[in-house]
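Try each task on your own, then check the steps below it.

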Amino acid sequence: MAEQAGTLRRTPLSRDRVLRAAVALADDAGIASLSMRNLAQELGVVPMALYKHVANKDELLDGMIDVIVGEIDPLLPEPDWQHAVRRRILSARRVLRRHPWAPLAIESRNMATPAVLGYLDSMIGALRAGGLSVDLTHHVMHALGSRILGFSQELFDTSRRAGRSGPTDPEPPAPMPPEVAARFPHVAEIARAAAHEDASVVGSGCDDQFEFEFALDLLLDGIERLRRQGWTSAR
C-alpha cells in the first residue's frame, strides 16, 4: 500500500490530472470546498506546483467546466434534427446532474469557455442543418436558454450544490386553506392534480425530469412548426 501511495505521489502532474482531481473534489465535497491548497493536498503536492498548469482559480474553474462538457455525448448525424438535439440536451442534463456544482459554475463565468462555445456552435450547426434560418435559430437559442445545456432552475437548488450528500428533506407543503382555494379555484385544481415526486424543487409535487422533458418537447415541436411555416421575426 505504501509503495502504491509513493508511486501515485511520483506520478508527474499534468493539466488534465489537476483538472480531473479538482472535478472529483468538487463532486465529493462541493465547489465551496475547492481551493488551491485543498487541491494540492489531494494531489500530494505543494500548492505552487499547481500554478505550472493553471494560472489561478478562475482558470481552474474554466478548465473544470471544459472537462464536464467533454463528458456530453457528441451529436450524432440524424435526418431528424429534433431527435438529435433532444438526445444531446438530455445527455448534457445527465452529465450536469452527476456534477451538481457545474450549472452554477457555468452561469457564473463572464465568458463562455472553449468547450462551452464548441458545444453551442455544434448545436447551432444542428439547428441550421435541420433547415432553420439564421433568424429563427437566433430566437430559438434565446428560447432554449440554459436548457440547451441540459439544466434549468432545479439544478440551482442550494441543497444540491454541496456534493453527493443530496438534498435535505423538504418540509411537506401546507394544504391550501379552503378560503384561498375558493378564491383561486384554478390554482387549487392544479395543486390537487399534481402527483409526482415530493423532492422536486421545480414545484411541490412535480417530477423534475418529466417537467424538463415536457418543456423541451413543447419548445422543439413549436420550433419545427415555425420552421415549416417559414417564420421570420419581421412578421
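In these exercises, Ala, Val, Leu, Ile, Met, Phe, Trp, Tyr, Cys and Pro count as nonpolar, Asp, Glu, Lys and Arg as charged, and the others, Gly among them, as polar. You're looking at a predicted model, where local features need pLDDT of at least 70, side-chain atom pairs count only at pLDDT 80 or more, and totals for chains, interfaces and linings use all residues. Residues are numbered from 1 along each chain as its sequence is written, and side-chain values use heavy atoms, with hydrogens and water left out.

**Exercise 1. Get the fold.** Work out how many helices and strands the protein chain has.

Step 1: Go by DSSP runs numbered from the N terminus (helices are H or I, at least four residues; strands are E, at least two).
Step 2: Count them up, and you get twelve helices and zero strands.
Step 3: Check the burial, where buried means under 20% relative accessible area, exposed over 50% and partly exposed in between, with a 1.4 Å probe and protein chains only. Buried residues are 36% of the 235 in the chain.

**Exercise 2. Describe the second largest pocket.** Find its volume and say what lines it.

Step 1: Set the rules. On a 1 Å grid over the protein atoms alone, a pocket is an open set of points where a 1.4 Å probe fits, with protein on both sides within 12 Å along at least five of seven lines; lining residues have an atom within 4 Å of a point. Points are joined across faces, edges and corners, and the volume is the space filled by probe spheres set on them.
Step 2: Read off the volume: about 200 Å³. There are 15 lining residues, with I106, E107, V116, L120 and L149 closest to the centre.
Step 3: Sort the lining, which gives ten nonpolar, three polar and two charged residues.
Step 4: Look for the helices involved: α7 (102-108) and α8 (114-129) each supply at least two lining residues.

**Exercise 3. Now try E224.** Find its helix, its burial and its partners.

Step 1: E224 sits in helix α12 (residues 208-229).
Step 2: Its relative accessibility is 8%, so E224 is buried.
Step 3: Beyond four places in sequence, E224 contacts W81 and Q82.

Note on methods
Contact means heavy atoms within 4.5 Å.
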